[in-house]
Structures are given as C-alpha cells and as structure tokens.
Amino acid sequence: MTDRSEMFDKLKELIAPFNKKGVELSDATTFAGDLEWDSLTVMDFVAEVEDSFDIVITMNMQAEIENVGQLVDAVLKLTD
C-alpha cells in the first residue's frame, strides 16, 4: 500500500505536464482556481490518472474533488 506522501508525489508527476503556469502544488491547490484548468484539461488529466492507477473516477467523485489533497485521498481510497 502506498502512503499519502508517496501518492502526492506520484500525482504531482502526473499533474506536471498539465501545470502550464508552474504553480507550486500543495494539498490546497485547486484545479479550477489555482491551475486554471478548463473542463477538457480536467478530462484529459482524469483519464491519465485512471490509466496510471487502473481505477475509475466517477463523475460524482470528480464533482467533489476540487483540490490536490482531495484527489490524493480519493485515489488512495480507490487503490486500497
């Protein structure tokens, strides 16, 4: 099982190509506000996460995930 800091680091690597503004990432970093992602970028990123971890993030889950910390927790739960 992966611990939270390892998961944060793995997701940080996945976020990097989408982080066009070079925003410093933390648990509180928001996708819409801080990273300024549009819906297409979000869909591309979600597909990348799903492929990398062999999981499915439902639309309902996506709607609740607003920041990096929430994403880390959700992926940890789905991979547990």
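Predicted model: local features only at pLDDT ≥ 70, side-chain atom pairs only at ≥ 80, totals over all residues.
Which residues of helix 2 are buried? They are Thr-41, Phe-45, Val-46, Val-49, Glu-50 and Phe-53. These residues cover an arc of only 165 degrees around the axis, and therefore they lie on the same side of helix 2. If we then turn to the face directed away from that buried side, we find the exposed residues Leu-40 and Asp-51 there. As for what covers the buried residues of helix 2, the elements include helix 1 (4-15), helix 3 (59-64) and helix 4 (68-79).

Side chains of opposite charge can pair when their charged atoms come close. In this structure there are three salt bridges, and I will take them in turn.

In one of them, the side chain of Arg-4 meets that of Asp-27, with an N to O distance of 3.1 Å. This pair links distant parts of the chain, given that Arg-4 sits in helix 1 while Asp-27 sits in the loop between helix 1 and helix 2, 23 residues apart. With a relative accessibility of 32%, Arg-4 counts as partly exposed, and Asp-27, at 35%, counts as partly exposed as well.

Arg-4 also forms a salt bridge with Asp-73, where the closest N and O atoms are 2.8 Å apart. Here too distant parts of the chain are linked, with Asp-73 in helix 4 and Arg-4 in helix 1, 69 residues apart. Asp-73 has a relative accessible area of 41%, so it is classed as partly exposed.

The remaining pair to describe is Glu-36 and Lys-21, whose side chains meet in a salt bridge at 3.5 Å, N to O. Both of these residues belong to the loop between helix 1 and helix 2, 15 residues apart, and both Glu-36 and Lys-21 are exposed.

Key:
Residues numbered from 1 in each chain as written. Heavy atoms only, no water. Buried < 20%, exposed > 50% of the residue type's maximum accessible area, 1.4 Å probe, protein only. Helix = DSSP H or I, 4+ residues; strand = E, 2+ residues; numbered from the N terminus. Arc of directions from axis to C-beta. Contact = heavy atoms within 4.5 Å. Salt bridge = Lys/Arg side-chain N within 4 Å of Asp/Glu carboxyl O.
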